[in-house]
Amino acid sequence: QVMRIASTLAGFTLGEADILRKAMGKKKAEVMAAMIVVNYWFARRQVCRIEAKRLSSPPAFAGETFRHAAEVSNPSISPVTVSVHSTAAKHQSNWFVPQLPPGESRKMIAEWRFDARGIYFTPPLVVRSGDPFGLIRYDRPVGEGHEFVILPRRGKVDLGGLRRWLIRTGAGDARTRRPVRRPGIHHADVRGVRPYRSGDQLRDIHWRTTARRDELTVREYDST
């Protein structure tokens with residue numbers, strides 16, 4: 001079991017794992033201390049070879065669950081085993097990535113929820129590695145911090161009250177008004193609406209359509 005743990009979690013070769021097993025069985029302090037030093041070096045090498053980044057996500061609404069995602073990749077020529085940690089306010093996500101093959105990536109997803117609107121800052125991702133027995137741990141921050149935009153809570157329209165208000169204010173009679181044509185942003189005309197995509201500006205969100213469809217919708221402009 002010691003050999004399997006050391007080989008799977010710490011990346012020891014079978015020879016190194018066997019040396020550790022014998023040292024633990026015979027209680028050889030000097031050999032065990034040497035293995036700890038070797039494992040610290042190995043943990044540092046594991047962490048320095050890995051790359052990690054947060055994936056962009058659309059703005060979320062207060063009180064609603066949204067997906068927070070990150071991606072870890074291994075550009076080296078040998079498998080790596082690490083854990084990735086992401087924190088923001090009261091949230092903390094810990095992902096364990098065992099034996100990530102060379103040249104491959106792995107996507108990790110967690111569900112977060114913020115009860116109040118605002119902008120929440122998250123520190124850089126932390127990539128961590130260590131020995132399987134918890135004696136050694138090496139952390140490395142990766143990338144830059146990130147900001148999550150949490151929009152106000154979405155409400156529900158009281159259709160009966162809205163209808164009564166329209167009748168009371170005279171907006172529900174047969175009279176029509178000539179709409180006022182307003183130029184769009186940068187002198188462009190609004191061509192229509194479409195679902196929100198990563199990178200769209202918040203000022204382009206069409207709130208009426210968003211409330212009606214129950215999904216983020218943005219204006220689409222025609223520059224001609």
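Reply: K53 is partly exposed, at a relative accessible area of 46%; this class lies between buried, under 20%, and exposed, over 50%, with a 1.4 Å probe and protein chains only as cover. The model is predicted, so local features need pLDDT of at least 70 and side-chain atom pairs count only at pLDDT 80 or more, whereas totals for chains, interfaces and linings use all residues. Residues are numbered from 1 along each chain as its sequence is written, and side-chain values use heavy atoms, with hydrogens and water left out.

The partner of K53 is E71: their side chains meet in a salt bridge, at 3.9 Å from N to O. The term denotes a side-chain nitrogen of Lys or Arg within 4 Å of a carboxyl oxygen of Asp or Glu. Because K53 belongs to strand β1 (residues 51-55) and E71 to strand β3 (residues 65-73), the pair ties together parts that are 18 residues apart in sequence. Strands here are DSSP runs of E with at least two residues, and helices are runs of H or I with at least four, numbered from the N terminus. E71 is also partly exposed, with a relative accessible area of 25%.

Seven salt bridges are found in a search of the whole structure. Another of them joins R154 to E64, whose closest N and O atoms are 2.8 Å apart. R154 lies in the loop between β10 (146-151) and α4, and E64 in the loop between β2 (60-61) and β3, so this contact ties together parts that are 90 residues apart in sequence. Both ends are partly exposed: R154 has a relative accessible area of 32%, and E64 has 27%.

A further salt bridge links the side chains of K90 and D115, at 3.5 Å from N to O. K90 is in the loop between β4 (80-88) and β5 (91-100), while D115 is in the loop between β6 (105-113) and β7 (118-122); the pair therefore ties together parts that are 25 residues apart in sequence. K90 is exposed, with a relative accessible area of 64%, whereas D115 is partly exposed at 40%. Salt bridges with shared partners join K90, R113 and D115 into one network.
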